[in-house]
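Student: I'm new to this one. Could we go through it together, a question at a time?

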Amino acid sequence: MKLARGFCDLNISATDTDLKKTLLKALSLGYQTLAVNREVTDTFAPHQKGKKRKKDDFPVVLPPPKVSLTKEELDRHGISREPVILTRITITYADPGSAFLSKFRNNIKQYDIVAFTPTTDSALKQTVSQTLVDVDIIALGPEERGTRFARKLLRLAVERNIYFELSYGPCITNSTRRQQTITLAHILHHSFRSANIIITSQTNSVLYHLRAREGLSKDYLCGVQQTPNNLALKKLPMPEVQDCPYLHFLEDRTWDLLAVRTLAWVPVLWTSE
Amino acid sequence: MVRFKRRYLVVEVVPESGYIRMNTLHKAVLETVKRMHGDFGVGAVIPGFGVKYINPETSLAFISTGRGPHRLVASALPFITEVGGRPATVRSLHRAASMRHGFIFLKKYNEEKLKQLEEQLPPREREQLQKEKRKTLGAR
């Protein structure tokens with residue numbers, strides 16, 4: 001079982017043509033734990049329930065990609081700390097009645113981190129309450145569903161130690177995604193005070209990867225002031241035992257954490273009201 | 001986490017000509033918030049934002065926003081110069097915590113406006129208006 005160390009970025013795209021280059025660049029920016037993400041989309045919509053699903057209608061879940069970095073490659077990029085490379089799968093689906101999860105359960109379990117992107121309320125309900133697969137992260141996409149999420153379900157997810165993901169990569173280039181991410185951050189703050197949130201890059205380009213210690217600049221993307229965020233990071237409680245072992249952190253390095261429970265998305269500008 | 005609180009801004013939209021519609025006002029406010037406060041402003045304002053009520057005769061409208069981001073909307077309203085492609089100005093009249101309080105303010109405001117208009121009328125017409133008022137509302 002691999003344990004996370006140092007700064008983490010839990011979403012590096014696996015479809016990148018030069019995945020090794022992106023990983024080495026991320027490691028040289030100060031990250032120590034990276035998760036290579038593979039996306040799978042179940043396109044079967046709930047309104048097609050009457051239709052019988054053929055074998056070809058199910059998306060293919062490939063086994064986790066294997067990436068190894070040699071010592072020479074690490075030395076060439078000035079990386080002294082031993083990296084931890086994890087594998088992650090992100091499943092996007094809409095129909096909770098789909099047999100997709102039970103069919104590919106064994107393949108999904110081979111991944112270190114399992115993330116879901118439910119695109120309907122019923123899919124979100126199933127993600128939070130199902131026991132077939134252990135869910136680590138929920139990556140909500142407001143662009144697909146608007147801004148309405150059942151707060152009860154979000155709070156239930158927090159109680160089950162499921163984390164919510166906010167990605168800064170798409171915000172850098174796309175104005176609409178920037179607005180949507182900020183909206184999502186506000187919704188998550190209203191629902192459960194930004195308790196279980198991780199920030200990831202979701203980038204497949206070396207250009208848009210921010211330095212690991214630029215955590216505060218990621219918060220500036222959302223207009224959060226620096227000082228309260230510093231306090232928030234220093235006051236972070238010791239991480240409780242998670243279902244996912246890869247979200248454990250070293251006790252003496254709490255200041256070093258980026259993929260953590262963060263209060264950085266609090267809209268500080270109006271907390272005085 | 002406790003309830004999601006809102007603020008309702010009572011505004012007067014004064015177009016150069018014609019009537020204002022809810023969706024055009026909605027779009028105009030968001031565009032101005034984007035201009036003044038950028039993507040962060042729009043992202044912060046969207047949860048809970050909407051034009052809840054509009055009276056085309058008096059040009060009064062209720063804009064609802066979340067508590068907190070309502071300051072961004074309120075600060076952007078004076079900078080609205082166009083609504084639905086037509087020149088217009090927006091004046092903030094009141095900030096209410098609920099629709100009910102907004103309507104209480106609106107009732108008082110409309111009564112004061114009516115009083116002012118009454119005083120401008122010639123005496124004969126004023127008397128006639130007061131007679132009709134007594135007839136509909138009853139003696140006070």
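Student: Which residue stands opposite A:T87 in β3(A)?

Tutor: Keep in mind that we're looking at a predicted model. Strand β2 (residues 31–41) of chain A runs alongside β3(A), and the two pair in the parallel sense over 9 bridges. Look across from A:T87 and you land on A:V36.

Student: And which residue is the bridge partner of A:I89 in β4(A)?

Tutor: Now turn to strand β4 (residues 113–118) of chain A, which pairs with β3(A) in the parallel sense over 6 bridges. The partner of A:I89 there is A:V114.

Student: Is β3(A) enclosed or open, and how many of its residues are buried?

Tutor: Check both ways its residues point: A:V84, A:L86, A:R88, A:T90 and A:T92 go one way, while A:I85, A:T87, A:I89, A:I91 and A:Y93 go the other, and all are buried. The strand is largely enclosed by the rest of the structure, because the buried count is 10 of the 10.

Student: What about the largest nonpolar core: which element gives the most to it?

Tutor: That core has 34 residues, and A:I108, A:I138, A:L140, A:F164 and A:L188 have the most contacts inside it. Elements giving two or more residues include β3, β4 and α9 (175–192) of chain A. With 5 residues, the top contributor is α9(A).

Student: How many residues are in the other core, the one with B:V42?

Tutor: This core lies apart from the largest one, and B:V45, B:I63 and B:A88 are also among its members. Its count is 27 residues.

How values were computed
Residues numbered from 1 in each chain as written. Chains lettered and ligands numbered in written order. Predicted model: local features only at pLDDT ≥ 70, side-chain atom pairs only at ≥ 80, totals over all residues. Heavy atoms only, no water. Buried < 20%, exposed > 50% of the residue type's maximum accessible area, 1.4 Å probe, protein only. Helix = DSSP H or I, 4+ residues; strand = E, 2+ residues; numbered from the N terminus. Pairing = 2+ DSSP bridges. Core = buried A, V, L, I, M, F, W, Y, C linked by side-chain atoms within 4.5 Å.
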